Amino acid sequence: MGKVVAVTGNEAVANALRQADPDVCSLYPITPQTDIVQRFSSFVANGQVQTELLNAESEHSAMSAAIGAAAGGGRVITATSSQGLALMWEMLHIASGMNLPIIMPLVNRALSAPLNIHGDHSDGMGARDTGWIQLWSENAQEAYDNTIMSFRIGEHTDIRLPIMVCMDGFIVSHSIARMEYLEDDEVKKFIGPYQKVNPLLDLEHPKSFGPLILTDLYHEYKRLQHEIMGRVKNVVLQVSDEFGKLSGRKYGLFESYRLEDAEIALVILNSAAGTSKDVVDELRDKGIKAGLLKPRLFRPFPYVEVGQALKHLKAVCVMDRADSFGGYGPMFMEISSAMYQADGEGRKPKLINKIYGLGGRDYMPHDARKVLLELNEIAKGAPVGAVKEYIGVRE
Amino acid sequence: METRELLKWSAQVKLREKSKQEVRFEHGHRMCAGCGAPTVVKMVLMATEYPVVVSNATGCLEVSTCIQDYTAWKTPWIHTAFENAAATLSGVETMYRALLKKGKMPENVKFIAFGGDGGTYDIGLQSLSGAMERGHDMLYVCYDNGAYMNTGIQRSSATPLGADTTTSPAGSANPAGKLQVRKDLTRIMGAHGIYAAQASPSHWLDLMTKVKKAHQIKGAKFINIIAPCNRGWRTATDNSIELSRLAVETCYWPLYEIEDGKLKVTVVPEEKKPADMFFKPQGRFKHLYSPGNEGMLQRIQAEIDRTWERLLKESEQAC
Amino acid sequence: MKKWTELVPGAVVLEAGSSARFKTGSWRTFRPVWLQENCIQCLMCWLYCPDMAVKVVDGKMTGFDYDYCKGCGVCAKECPGKQGKKAIVMEPEGK
Ligand SMILES: Cc1ncc(C[n+]2csc(CCOP(=O)(O)OP(=O)(O)O)c2C)c(N)n1
Ligand code: SF4
Ligand code: SF4
Ligand code: SF4
Ligand SMILES: [Mg+2]
């Protein structure tokens with residue numbers, strides 16, 4: 001069984017990639033992700049994996065090469081953050097449009113300008129419409145587990161899609177935490193050999209990848225892409241279930257924390273969920289019925305399930321570590337959509353949106369406490385002030 | 001003319017044999033009548049006597065050869081975007097090596113990228129330079145028609161001095177058209193320490209010899225091939241080969257190769273023809289023959305002469 | 001036209017050389033005509049044709065494939081012919 005270690009998020013993810021032993025890794029450095037590809041390069045240099053390394057001259061080329069390699073017909077990884085993901089943007093759509101499973105840890109970081117290398121979710125949120133699957137992770141353990149599962153999910157023959165595994169830059173990527181590794185052979189067996197679908201390198205059956213598609217067919221291809229995305233949820237559940245049997249760690253589409261009998265709740269992604277759970281416990285001790293929902297599968301977004309999980313609440317605050325300037329926070333928009341569709345017998349929770357922690361700004365227990373107490377008042381009938389508000393900001 | 005005849009005859013037997021091989025590029029593609037690019041592709045593939053995987057940058061060649069269910073390619077072919085034919089193919093080639101190492105692929109598969117001048121000299125230069133520096137075992141072929149043709153004849157850094165394009169038009173304030181000299185990409189690629197060459201479909205034996213040679217070299221290779229475009233050059237549909245020949249004979253498009261850092265001119269025209277012979281038949285240079293533009297014509301000729309002299313000198317020194 | 005349920009995921013084209021099903025001969029306004037008596041079988045027409053529309057059988061030029069020939073005239077221009085007489089001439093289509 002597993003081995004308990006104290007490692008950083010980056011080290012944990014790098015080890016998951018080593019255990020998967022991909023055929024090709026294309027890479028380009030960027031903080032806070034660099035540490036992953038550096039570690040992986042050492043695995044290659046030391047013969048711990050059989051992978052061919054491709055040191056691209058930019059993230060655009062790293063993703064282009066990943067696409068070429070994946071089309072070729074083998075297991076492919078890369079990793080990035082922030083500006084790197086932004087530079088890849090054009091190619092992200094091409095990877096998903098060509099149905100190529102590429103596994104990519106995304107160590108979340110703020111976007112310029114102004115330049116900032118610290119953790120927030122602007123990069124991942126900006127890529128939510130690229131047709132990639134997104135799994136988000138609270139800590140090193142989840143990042144490790146999600147990375148391992150991502151091979152099974154992305155490469156599943158029902159879907160064949162690229163997948164981003166997100167974790168918070170520095171807060172998780174560079175902090176040492178206690179976690180548990182699976183044994184190499186367990187992971188190898190769990191992931192299994194790569195299954196080819198229409199490989200470009202099948203010389204006997206030459207295929208053309210990347211045709212021009214005109215108005216009379218493009219719409220149909222996008223409909224097909226929508227259909228395939230629709231299959232992801234079941235694959236995630238199935239793979240997570242199997243992983244649970246192997247590791248003893250349970251994963252679903254999202255995590256519910258003391259939500260069943262709650263009256264108020266936070267919806268919050270990644271590392272800040274951990275801080276918030278402590279405050280939920282603290283308020284529970286004081287008799288306030290607080291709870292929390294932490295999304296895991298953000299694309300495709302499980303609207304129905306999330307709606308079901310939240311519909312009984314009186315008030316919900318959606319916490320966004322990214323802003324959609326001129327709009328609500330990106331997660332808020334999803335939760336609003338989910339709640340509007342949810343069958344709540346005429347009753348729906350009041351929703352508010354807080355923007356927190358941009359550019360690595362600390363998110364502290366008192367931030368969570370303040371928001372939950374505000375929710376408690378709203379639940380009791382206090383009017384909602386501003387729907388969207390920045391917190392932890394110097395006024 | 002006589003050398004041409006001679007060349008033809010000397011290779012005729014081989015050509016006859018060649019005609020019996022399958023051309024892995026099928027008719028039914030939708031490039032304009034008389035376009036130079038398909039002939040370039042055909043010649044490159046004919047000189048490639050190996051299994052080959054092709055990558056293609058967005059551009060005329062790409063949009064016209066693979067539309068919906070119709071592909072002209074009988075080789076594995078991949079197009080992803082405009083600026084990254086080299087990066088994409090470097091990924092395919094890397095996957096090939098990964099699978100070869102595990103005994104899952106045969107030896108001696110070749111990799112060729114085709115990009116237009118816009119996708120190569122301009123937006124794709126970084127991707128190309130990166131792939132060449134990394135030394136992937138691939139041949140990058142630029143089919144140079146001297147502008148962004150697919151989007152409607154905009155100037156690129158390969159557009160010749162003086163050309164009228166839709167974004168370097170000749171007008172009353174600027175009667176000269178494009179004011180800058182072409183980027184000398186072939187020599188830039190030579191500076192990567194790789195095999196780099198310039199070729200023309202008119203001189204098909206020279207072209208095919210260079211392609212064959214490139215395939216014998218392990219690592220990155222680059223060949224720049226002139227590919228007349230009758231739409232953008234504003235010429236008749238029947239003279240793509242004639243113009244590519246005149247480009248060589250006027251020394252506008254010298255044929256040479258750079259190997260191990262040494263430059264060698266591979267075809268010296270028997271008589272160097274005046275630049276006019278290449279420029280005058282083309283509508284994109286028509287304004288240069290209006291009064292007031294004499295200086296431009298002189299500058300063009302001087303530029304050609306200077307480059308050619310320098311190439312000859314370097315070539316002699318290398319011998 | 002195909003329904004979305006009939007498409008290959010990733011838009012991969014599975015049939016190599018399928019463009020042969022797309023006939024480009026209708027683009028032609030001029031057609032090349034072969035005058036066999038002037039032909040020296042140099043195969044320049046075959047080599048330079050951008051549309052693979054010159055039919056060569058057993059190493060010999062035998063005529064044109066009018067299903068694909070776009071009538072550009074490159075073959076006629078490059079044909080050396082015999083003693084100054086071209087073996088390919090272009091004629092207006094429908095004449
Ligand atoms: C990133 C990006 N920018 C712009 C374009 C639009 N575009 C498509 S093809 C093309 C021109 C291609 O020119 P070139 O590479 O010279 O090939 P040609 O069409 O001349 O054969 C342009 C500008 C694009 N597809 N992608
Ligand atoms: S526009 Fe020019 S390059 Fe493009 S297909 Fe037509 S002739 Fe060829
Ligand atoms: S180019 Fe002319 S002479 Fe040569 S094979 Fe063709 S038709 Fe005959
Ligand atoms: S006219 Fe053009 S397309 Fe037709 S056979 Fe001659 S070269 Fe080929
Ligand atoms: Mg061009």
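Which residues are around ligand 4? I started my notebook with that search. I found C:Pro32, C:Cys49, C:Pro50, C:Val54, C:Phe64, C:Cys69, C:Lys70, C:Gly71, C:Cys72, C:Gly73 and C:Cys75. A residue counts as near a molecule or strand if one of its heavy atoms lies within 4 Å of it. By class, this shell holds 8 nonpolar, 2 polar and 1 charged residues. For the classes, Ala, Val, Leu, Ile, Met, Phe, Trp, Tyr, Cys and Pro are nonpolar, Asp, Glu, Lys and Arg are charged, and the others, Gly among them, are polar.

**Ground rules**

I am reading a predicted model, in which local features need pLDDT of at least 70, side-chain atom pairs count only at pLDDT 80 or more, and totals for chains, interfaces and linings use all residues. Residues are numbered from 1 along each chain as its sequence is written, chains are lettered from A and ligands numbered from 1 in the order in which they are written, and side-chain values use heavy atoms, with hydrogens and water left out.

Next I looked up ligand 2. The residues around ligand 2 are B:Met31, B:Cys32, B:Cys35, B:Cys60, B:Asn145, B:Cys229, B:Asn230 and B:Arg231. I sorted this shell into 5 nonpolar, 2 polar and 1 charged.

B:Asn145 came up again at ligand 5, the magnesium ion, where the protein donors are B:Asp117 (OD), B:Asn145 (OD1) and B:Ala147 (O). Donors are N, O and S atoms within 2.8 Å of the metal (3.2 Å for Na, K and Ca); water is not among the atoms, so sites may look incomplete. The sequence spacing of the donor residues reads D-x27-N-x1-A.

Are B:Asn145 and B:Ala147 buried or exposed? B:Asn145 is buried at 7% relative accessible area, and B:Ala147 is buried at 5%. My cut-offs are under 20% relative accessible area for buried, over 50% for exposed, and partly exposed in between (1.4 Å probe, protein chains only).

**Helix α6 of chain B**

I then listed the buried residues of α6(B), residues 125-134. They are B:Ser127, B:Leu128, B:Gly130, B:Ala131 and B:Met132. Helices (H or I, at least four residues) and strands (E, at least two) are DSSP runs, numbered from the N terminus. The buried residues of α6(B) pack against α3 (59-72) of chain A. In chain B they pack against α4 (85-101), α5 (117-122), β6 (138-144), α7 (185-190) and β8 (220-226). Contact means heavy atoms within 4.5 Å. Just after α6(B), I noted a positive phi of about 80° at B:Gly135.

**Two helices of chain A**

How do α11(A) and α12(A) cross, and at what angle? The axes of α11 (303-310) and α12 (330-341) come within 8 Å and cross at roughly 75°. The two helices are therefore roughly perpendicular to each other. From α11(A), the contact uses A:Tyr303, A:Val306, A:Gly307 and A:Leu310. From α12(A), it uses A:Glu334, A:Ile335, A:Ser337, A:Ala338 and A:Met339. By class I logged 6 nonpolar, 2 polar and 1 charged residues. Axes are lines fitted to C-alpha atoms, for helices over the stretch in contact, with angles from 0 to 180 degrees between N-to-C directions. Under 35 degrees is roughly parallel, over 145 roughly antiparallel, 65 to 115 roughly perpendicular, and the rest oblique.

**A:Ile163**

A:Ile163 sits in strand β7 (163-168) of chain A. A:Ile163 is buried, at 0% relative accessible area. Leaving aside neighbours within four places in sequence, I found A:Ile163 in contact with A:Ile102, A:Ile103, A:Met104, A:Trp132, A:Ile133, A:Leu135, A:Ser150, A:Ile153 and A:Gly154.

Most residues other than glycine have a negative phi, and most peptide bonds are trans. I checked for exceptions. A cis peptide bond joins A:Thr31 and A:Pro32, with omega about 0°. A:Pro32 is in the loop between β2 (24-27) and α2 (34-45) of chain A. Another cis peptide bond joins A:Arg299 and A:Pro300, with omega about -5°. A:Pro300 lies in the loop between β13 (297-299) and α11 of chain A.

B:Asn108 is not a glycine, yet has a positive phi of about 60°. I placed B:Asn108 in the loop between α4 and β5 (110-116) of chain B. B:Asn108 is partly exposed at 43%. B:Asp260, also not a glycine, has a positive phi of about 50°. B:Asp260 is in the loop between β9 (255-259) and β10 (262-267) of chain B, and is exposed at 69%.
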